[in-house]
Amino acid sequence: MLSANNKIGFIIGTGASLNKIDMHKLKGQRTMTFNRAYIAFDDWGFDPSYYLCIDGNDLRSYYKDINNLIKNSAIEKFFLYKLTDNQKHVKECFQDNDYRDNDDIYELNKKVFLFNDTLDGKLDYPLLDDFSVEGNILTTSVVCNAGFVGLKTMYHLGYRKICLLGMDARYVDDSKYRDVGVHGNSYKARSDD
């Protein structure tokens, strides 16, 4: 893939602490962002080196924006979760639009890498270095935390000094913001949220 030669990398989250950082200072650095961080790229004055999204719902919701980034941004590599539930939708997302063969075959854009999850819903302890690469498919344990998967990805790319920014981890219980009933560790919507 890419050797970073032990350079420092910056993983940029979306936490409120970013408001206290002069993001312009990161221009020219090796950076990775997640999900909808692209709405801030103009304010920052640069596109990151890498983009990662492991949330299937986000991919389904923002795939047009992500495709636009693939075609028009300076981002070098995109690391995305491999959607397996709807192949027609997957085929419409993240493909090389210059390549057409027939309805059953498509080729990923060469900047796009898909995560093939080895955890498959099992609770396990994911490892930092459990990566294998075959073409544009990255096989690794994917946990529900873009920061950790970003860290694993940067490590695999050769970065050994990685700075986390905007990873505030100040999550608030959703029940305060949605019309849900809480029963132990279960949430049940009272309306169509």
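**Around Ser-73 and the sheet beside it**

Not counting residues up to four places away in sequence, Ser-73 touches Asp-47, Asn-68, Phe-78 and Lys-111. The model is a predicted one. Ser-73 is found in the loop between H2 and E4. Its relative accessible area is 15%, under the 20% limit, so Ser-73 counts as buried.

One is the backbone oxygen of Leu-69, which lies 2.6 Å from a polar atom of the Ser-73 side chain. Another is the backbone nitrogen of Ile-75, reached by the side chain of Ser-73 at 3.2 Å.

The loop between H2 and E4 also holds Glu-76. Glu-76 forms a salt bridge with Arg-30; the closest N and O atoms are 2.7 Å apart. Side chains of opposite charge can pair when their charged atoms come close. Arg-30 sits in strand E2 and Glu-76 in the loop, so this pair ties together parts that are 46 residues apart in sequence. The count of salt bridges comes to one. Glu-76 is partly exposed, with a relative accessible area of 33%. Arg-30 is partly exposed too, at 21%.

Strand E4 covers residues 77–81 and pairs with strand E3, residues 50–53. The sense is parallel, and the pairing runs over four bridges. Tyr-50 stands opposite Lys-77 in E4.

Step back to the whole sheet. Eight strands form it, in the order E6-E7-E5-E4-E3-E2-E1-E8. The sheet is open and the pairing is mixed. Which strands stand at the edges? They are E6 (132–134) and E8 (161–165). Each has a single partner strand, so one side of each is left without a neighbour in the sheet. Neighbouring strands are turned by 20 degrees against each other on average, direction ignored.

Key. Residues are numbered from 1 along each chain as its sequence is written. This is a predicted model: local features need pLDDT of at least 70, side-chain atom pairs count only at pLDDT 80 or more; totals for chains, interfaces and linings use all residues. Side-chain values use heavy atoms; hydrogens and water are left out. Two strands pair if DSSP finds at least two bridges between them. Helices (H or I, at least four residues) and strands (E, at least two) are DSSP runs, numbered from the N terminus. Axes are lines fitted to C-alpha atoms, for helices over the stretch in contact, and angles run from 0 to 180 degrees between N-to-C directions. A salt bridge is a side-chain nitrogen of Lys or Arg within 4 Å of a carboxyl oxygen of Asp or Glu. Buried means under 20% relative accessible area, exposed over 50%, partly exposed in between (1.4 Å probe, protein chains only). A polar contact is a pair of N or O atoms within 3.5 Å; within protein, one must be able to donate a hydrogen and the other to accept it, and residues adjacent in sequence count only if both atoms are side-chain atoms. Contact means heavy atoms within 4.5 Å.
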